[in-house]
Amino acid sequence: MTGARLRVAVTREGEGAERLATLLDDRGFDAVVVPLIALDGAADGGGALRAGLRGADDGDWLVVTSPNGADAVVDALGSEPLTAGVRVAAVGPTTAERLTAAGIPVAVVPRRFDARSLVDELLATVTTPGRAVLALSALADDTVEHALVGRGWQVERFAAYRTVTRVPDDDEVARLRTCDVVTLASASAATGLAAISTALPVVCLGRSCAERAGQLGLDVRAVADPSNLEGLVEATALALHPDEESIEP
């Protein structure tokens, strides 16, 4: 890549923002971190999730759809182990790693790292309907729940954490508007960007995020596939250089 480095907005917060910024920098882009979301615990302090995990029976499934959900599960369990015999499905390798690091084995990880692929893989693995405990964002859609219930499963859904929209200050908005493209990792980030009324193109992490961005009238140029940070960087490179199959740093 020659000439001035293109600027890519990172709208995540915390560790995920730092890792994405590093990956973008390694790929030859200038990352501009302007968080449009903030994470918070469940409104009830995690009490319902704790009760749901303790009530899980041998043969049940625990379905975790994000790394933040994995962290919430680990916090909710504390020093107590997950009920023996409960099997776990995780949306992707990062989610799985956070669970296994806490001593929770993961039985199912889909090839594509999104909620739809997760439920498809689970239904392909388990042919007899069972019971599932879902640990999700409070704002997560009903993709997993609807698909499982439609196949005869009993489902208990718990808000493991909340993603709230963060309003950037004027300086942050000014920096954001200097970017060539904006990366979005959640529907909440899409909502935050739409509130700024920017016409910048966006690249989305996952189909649900892209659908929400489209509904809000944002200019979606690419969707990460696979739905992980590496996929988001690749999709960003292709969005900025649509005539090139691969962009070397």
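## Nonpolar cores

A nonpolar core is a set of buried nonpolar residues, such as Leu, Val and Ile, joined through side-chain atoms within 4.5 Å. In this predicted model, the largest such core has 22 residues. Those with the most contacts inside this core are L49, L53, L62, V73, L82, L99 and I104. Several elements each supply at least two of its residues, among them helix 2 (47-54), strand 4 (61-64), helix 4 (93-101) and strand 7 (154-165). Helix 3 gives the most, with five residues.

L99 illustrates how such residues meet. Apart from neighbours within four places in sequence, L99 is in contact with V64, A70, V73, V88, A90, I104 and V106. Another core, of 21 residues, lies apart from the largest one and includes V173, C179, A189 and A213. In soluble globular proteins, nonpolar side chains tend to be buried together.

## Cysteines

How many disulfides does the model have? The count is zero. A disulfide requires two cysteine sulfur atoms within 2.5 Å. The sulfur of C204 lies 3.8 Å from its closest cysteine sulfur, in C209, which is too far for a bond. For C179, the closest cysteine sulfur is in C204, at 15 Å, also too far for a bond.

C179 is buried, with a relative accessible area of 5%. C204 is likewise buried, at 0%.

## The largest pocket

The largest pocket holds about 1,400 Å³ of space. Its lining consists of 48 residues, and T65, S66, Y161, A185 and L205 lie nearest its centre. By class, the lining has 17 nonpolar, 18 polar and 13 charged residues. Helix 9 (residues 207-215) contributes the most to this lining, with six residues.

Notes:
Residues numbered from 1 in each chain as written. Predicted model: local features only at pLDDT ≥ 70, side-chain atom pairs only at ≥ 80, totals over all residues. Heavy atoms only, no water. Buried < 20%, exposed > 50% of the residue type's maximum accessible area, 1.4 Å probe, protein only. 1 Å grid on protein atoms, 1.4 Å probe; cavity = no way out; pocket = protein on both sides within 12 Å on 5 of 7 lines; lining within 4 Å. Points joined across faces, edges and corners; volume = space filled by probe spheres on them. Helix = DSSP H or I, 4+ residues; strand = E, 2+ residues; numbered from the N terminus. Nonpolar A, V, L, I, M, F, W, Y, C, P; charged D, E, K, R; others polar. Contact = heavy atoms within 4.5 Å.
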